[in-house]
Amino acid sequence: MSAVIEVQNLHKKYGHLVAVDDVSFTVEEGEIFGILGPNGAGKTTTVECVEGLRNRDGGEINVLGLDPRQERAEVTQQLGVQLQDGQLPDRMQVAEALSLYSSFYRNPADWRHLMDALGLGSNGGSACGKLSGSQKQRLSVALALVGNPQVAVLDELTTGLDPRSRRDTWELIETVRDSGVTILLVTHCMEEAERLCDRIALIDKGRIAVTDTPAGLTERVRTEQRIQFRPSAPLDDALLAQLPDVSAVTRQGDYVVVAGNHNALSAVTCLLARHQIMAEHLRVDQATLEDALLALAGKRSATA
Ligand SMILES: Nc1ncnc2c1ncn2[C@@H]1O[C@H](COP(=O)(O)OP(=O)(O)OP(=O)(O)O)[C@@H](O)[C@H]1O
């Protein structure tokens, strides 16, 4: 396998806001690589720098041997990028859009074949503005593939789709991957990332917390616990956060919520005992994957 996208120490600011702060990852040929994170984490900014749609402030990006900042036109030829909703005129027909976009590329795919392969065969004469949510997604994937790219970037593919359409779209993406296209997938949906991705970079507040396979991420967080209690006296959260078995400390009203590994509970109770504080209404839950991934992100912030 060889790397098709390499991002090293990417930095991007909007005014004073640091949107992407030292992001590095490598996408290998043939994989679906996910960038997963909450709203505002810096996912779209990262991929827009990869696509050459935004200029980075620092770091290096290599896409199929090209620098998107210096060689944007060539990157556009070789990288498939989804159009955002509303970028096509409502009255343009599906077949017209595909035919028009295929004319932008040196070596386009057969757009009629693509239209059939992506389940849009009966929609060629439909106006883009009249398509259903999942048909619009199919069209945007078709437009990302019409240039016959080796790599496609797909951003928030299934947002707003009903469960059935989401599953259909996921199957579609697997078919695209099986046809040999490497995919960089941006999502804030944990289930989508787990289902589709070979590897996932978890990004939060502009930084990558961890990169691993879905199974590896689950294993890392398998033993994570969520400990919730009301302290009987004022308690400095920083004392809890410093415990090696604790990954994150947050507050919910009067309650302290601590995420940590299977030793966290005894570490927390020892600390409370030392400070003569009681843990009222103590509750311990197994963290969900989502909680645990956020805890991993929190741990990274604490050690950054
Ligand atoms: N053009 C812009 N001008 C100013 N700030 C921006 C701009 N685009 C994004 N931001 C800010 O940069 C940060 C990262 O945004 P970005 O869209 O990259 O995150 P994201 O992870 O893709 O979020 P979402 O899932 O909501 O799309 C956010 O705080 C966002 O408000």
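Just after helix H1, Gly52 takes a positive phi of about 85°. The model is predicted, so local features need pLDDT of at least 70 and side-chain atom pairs count only at pLDDT 80 or more, while totals for chains, interfaces and linings use all residues. Residues are numbered from 1 along each chain as its sequence is written. The protein has eleven helices and 13 strands; helices (H or I, at least four residues) and strands (E, at least two) are DSSP runs, numbered from the N terminus.

**Overall layout**

- The C-alpha trace of the protein spans about 75 × 40 × 35 Å along its principal axes.
- Domain 1 covers 3–218 and domain 2 covers 225–286; such bounds come from an automatic or database domain assignment.
- The centres of domain 1 and domain 2, taken over C-alpha atoms, are separated by 41 Å.
- Of the 304 residues, 39% count as buried. A residue is buried if 20 or more other C-beta atoms lie within 10 Å of its own, exposed if 12 or fewer, and partly exposed in between, with C-beta atoms placed from the backbone.
- Among contacts with a separation of 6 or more, 69% join residues 24 or more positions apart. Two residues are in contact if their C-beta atoms, placed from the backbone, lie within 7 Å.

**The ligand shell and helix H1**

- Around the ligand are Tyr14, Leu17, Ala19, Gly37, Asn39, Gly40, Ala41, Gly42, Lys43, Thr44, Thr45 and His188. A residue is counted here if its C-beta atom, placed from the backbone, lies within 6 Å of the molecule.
- Strand E2 (17–28) and helix H1 (43–51) each supply at least two residues of this shell.
- H1 gives the largest share, three residues.
- The shell has four nonpolar, seven polar and one charged residues. In this classing, Ala, Val, Leu, Ile, Met, Phe, Trp, Tyr, Cys and Pro are nonpolar, Asp, Glu, Lys and Arg are charged, and the others, Gly among them, are polar.
- H1 is largely enclosed by the rest of the structure, because eight of its nine residues are buried.
- The buried residues of H1 are Lys43, Thr45, Thr46, Val47, Glu48, Cys49, Val50 and Glu51.

**Nonpolar cores**

- The largest nonpolar core has 60 residues, and those with the most contacts inside it are Ala142, Leu154, Leu184 and Leu185. A nonpolar core is a set of buried Ala, Val, Leu, Ile, Met, Phe, Trp, Tyr and Cys residues joined through C-beta atoms within 7 Å.
- Helix H5 (residues 133–145) contributes the largest share of this core, six residues.
- Not counting residues up to four places away in sequence, Leu184 touches Ile5, Val27, Phe33, Val47, Val151 and Val153.
- A second, separate core of 13 residues includes Leu240, Val249, Val256 and Ala279.
- In soluble globular proteins, nonpolar side chains tend to be buried together.

- Leaving aside neighbours within four places in sequence, Thr169 is in contact with Ser134, Gln137, Leu157, Thr158 and Leu161.
- From C-alpha to C-alpha, Thr169 and Leu157 are 7.8 Å apart in space, and they are twelve residues apart in sequence.
- Gln225 lies in strand E10 (residues 225–231) and is buried, with 23 other C-beta atoms within 10 Å.
- Gln225 and Asn261 are 36 residues apart in sequence, yet 5.8 Å apart in space, C-alpha to C-alpha.

- Strand E8 (residues 199–204) and strand E9 (residues 207–212) pair in the antiparallel sense over five bridges; two strands pair if DSSP finds at least two bridges between them.
- Ile200 stands opposite Asp212 in E9.
- The hairpin has two residues between its strands, and Lys205 takes a positive phi near 50° there.
- Lys205 is partly exposed, with 19 other C-beta atoms within 10 Å.

**Another positive phi**

- His281 has a phi near 50°, a positive value in a residue other than glycine.
- The place of His281 is in strand E13 (residues 279–286).
- With 9 other C-beta atoms within 10 Å, His281 is exposed.
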